Amino acid sequence: MKRFIVKRLAYAALSLLLLSLTIFLFVRLTGDPAVLLVEPGASKDDLAAVHAQLGLDRPLWVQYGQFMTSLVRGNLGNSFYYRTPVLELYLSRLPYSLLLAAAAMAFSLLVGIPSGILAAVRVNRWWDSAGKLFALLGLSLPSFWVGLVMILFFSVYLGWLPSSGSGTALHVIMPAFALGWYFAAAHMRLTRSSMLEVLGSEYVKLARLKGLPEALVISKHAFKNALIPVLTLAGINLVIMVNVAVVVETVFAWPGVGRLLYEGIAFRDFPVVQATVLLGGAMIVVVNFLVDILYAVIDPRIRYER
Amino acid sequence: MSALLEVSGLCTQYVSQRGTRVTRAVDEVSFTLEAGRTLGIVGESGSGKTTLALTLMRLLPPAAKIAAGSVRFDGEELLTKPEHQMRDIRGKRMAMILQDPMASLNPLFTVGDQIAETLRAHEATPRRTAWAKARDLLAAVNIAAPDRRVGEYPHELSGGMRQRVVGAIGISCGPRLLIADEPTTSLDVTIQAQYLKLLGDLQREHGLAMIFITHNLGIVARMCDQVAVMYAGRLVEAGPVRSIFNEPAHPYTRALIESIPKFGDAAERLTAIEGQPPDPAALPPGCAFHPRCPFVVDQCRAEAPPETQIAARHRARCWVATPAPAGALKG
Amino acid sequence: MNGSRAASLTVAWRFASLRVEGFPWIPALILGTIAFVAIFANVLAPYNPEIGALGDRFRPPAWQAGGSEAHLLGTDHVGRDVLSRLIFGARVSMVVGFTAVIVAGIIGTVLGIVSGYLGGWVDQVIMRVTDTWLALPALTFAIFLAAVVGPSEMNIVIILGAVYWTRYARVIRGEVLSLRERDFVRLAIVAGCSKKTIMRRHILPNVLNSAIVLGTLMLGVVIVTEAALSFLGVGVPPPKPAWGLMLADGKKGLMAGYWWLTVLPGVCIMLMVLSANLLGDWLRVKLDPQLRQL
């Protein structure tokens, strides 16, 4: 088990390194990075000052070293607009995004898993077809459009729900639904196919041959095995939700990191953009790592994998 | 005294999703099995042997239908039984062992749990007792250190041990009939003999009747009292092991026996049967074996042969086989 | 036979041999209509999509009170005709969508083949990069790139290509790994063909199936991403009519109940993505049942 953890840790570290390298390179190699890293409306002297400060005339790997050192120290630059360190800003917004993602994830699992199981157990019958339709719609409708239509319906026409901001439980309902919609469909699909695969497996066959009641076969033997890939995906999706919530948060003016990214673009506040993307990606790598470990805890086979 | 298992005229068919193609996986199969005896069912893959076993257990996939026939087990007709009664029989009075033990054991539960659950489901054994019994069963199938093994997961055991666990599950509720579907095929050759010995011992101890499904005639010769040879869903020859091995009547059986390499034959080439087994969905007319048969005559191509008695309790479906002279038949 | 001829003949043969059974007519028709509209936009659209009459703002569609037949689907916040914008928007979506998918496809397929066939450190490097880029959500990555290079129609295509090639590379590499062991490849090696020739002539035609299927599935995703980018303001820049941009503009009138500015562009996006997905699903089943896990 220990060896497994160490291996995964090394892998995660490598990914983080590559991530930072990618972001660094893209900024440095496409045009003049000083233009990005300096406030909009700066003068030529300001540009020159930034050049010197960032050491933009030094060799690339030196610059990267500088970049990484400040990163590790927790210095991700300052926001032009807010005039505060970006890291602070990000961390203050993160809880909101996590709240939204958690709500959306709860919605997607509560809807996705049972319907996936039902679709698999009643395969090719009515429920399955309904499920397939739901999955198709979920994967084809852009989440922000779902959000906009919901605002139209529930805020403008019916006046039941607030259309923006945060604060009460009512505020989170529509954004969570809009964000979770796509993932509900994805989870349903995966649950269904995973369940079907498990239902056709040899050990389920043997369980039936042993004369076990069908309810036990499904709830004990099939369910736990089928759930493994779904939960793995869900764990990873949680962090992905935080990242792709950009548009939903913008539509609903939800004060999370997604909206922060939007503000960064709208106000040409590049340090904010860079940091948000970097941190978002880093979060995903970390969560992937944690999910791998969790996976090994649930499924005893994985622990012994070399 | 009636036999433990009487199968007559059994037909199982697979129907394609649109109802267009009908595949006869099991076609007019009949045989009987006495208590405590072993029947070997031999055939190539696709011959219908596994479908036959699943039909007996009434655990066919939704696409398959039992079209005709009767299966009488211990005096009761199985084909008309409602599902909950079949569930009582499965695992308790009729048990089955599958081929790949790694796949048939649920990787997420311990070995002990999977043995105990059969006991708890059929005999309402309380947890502690069931667990203790599982441990005893592991000892009965010759697994060393059963106290430790009972709490281990399938992947922690070797292939041979896993198959023994599957065997333990099979005998756990004291069935009268054990069906073993290629139980040794995924085991190492050295382990196979041990496992077969185990099955033989268990049979003697518990008075089990066994159906052994295999493509390996060596195992049949060693373990079985009777043999039934299947080809393209039909039983082409059946009878006592001695009789079939010494005087095979059907050309297919003859070819199977001849294709076993024997010591001392070093200089000769191995005889293989020419051609391929037919696609079950598109069987040739007449006798299904005729395209590959060295003794084929015109009648074989036209009509499927009925059963002919070759000797006492030895029958075959072949136009060319020599029937027993009238009057020489007994029983 | 020359490798690229073999490839194109293979593709043609594959399409010709597809039976009509289960063909999704409606999605194909929808996509065809959108393509038609996109091509003949100049002829079909009643007005110039980029110029509006300020006196004519926020007109509802013709069937509602206050609407007129002059503007069948109403006007937006600067008086531009919605129908014309939708029609020209189809062109933007089609062009951006198809080009991005093709760009991503070419990069991803080539890298997938190289990575899968050559193995060794080349494979390791490409795979590590792919994994890292795959870990970053496409939307976030695209936003980042758009912020760095600045938005324009051309840039968006490149950005989308750069973000989505990883999807191809993974799948193609997997296929190449199994293809590598097949006999006809071994024969070619024994016959002395160079690595480049083998990759071009033997491997490429065989992975085209997957690439095509993946392409149709990616089309929907790319279009949604492009819409999101335009909605956020880092996609196709105004005043060009992209459906995503129309949604952003539409938001301005949302609270006042000007529903047509939000619902109509969204319906167009939905129709296009839905059709592409259905077509892709059908293709996937038809061309290679083994790809079902895609």
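## Basis of the model

This is a predicted model, in which local features need pLDDT of at least 70 and side-chain atom pairs count only at pLDDT 80 or more, while totals for chains, interfaces and linings use all residues. Residues are numbered from 1 along each chain as its sequence is written, and chains are lettered from A and ligands numbered from 1 in the order in which they are written.

## Chain A against chain C

Here 40 residues of chain A are in contact with 37 residues of chain C, contact meaning that the C-beta atoms of two residues, placed from the backbone, lie within 7 Å. The elements of chain A that give two or more residues to this side include helix 1 (2-29), helix 10 (214-244) and helix 13 (270-298), where helices are DSSP runs of H or I with at least four residues, numbered from the N terminus. Helix 13 of chain A provides the largest share, 8 residues.

By class, this side of chain A has 30 nonpolar, 10 polar and no charged residues; Ala, Val, Leu, Ile, Met, Phe, Trp, Tyr, Cys and Pro count as nonpolar, Asp, Glu, Lys and Arg as charged, and the others, Gly among them, as polar.

## Chain A against chain B

This contact takes 17 residues from chain A and 24 residues from chain B. On the side of chain A, helix 9 (202-209), helix 10 and helix 14 (300-303) each supply at least two residues, and the largest share, 6 residues, comes from helix 9. That side divides into 6 nonpolar, 4 polar and 7 charged residues.

## Helix 1 of chain B

Because 8 of the 8 residues of helix 1 (residues 49-56) of chain B are buried, this helix is largely enclosed by the rest of the structure; a residue is buried if 20 or more other C-beta atoms, placed from the backbone, lie within 10 Å of its own. Among the buried residues are Lys49(B) and Leu56(B). Just after this helix, Arg58(B) takes a positive phi of about 55 degrees.

Conventions:
Buried ≥ 20, exposed ≤ 12 C-beta atoms within 10 Å, placed from the backbone.
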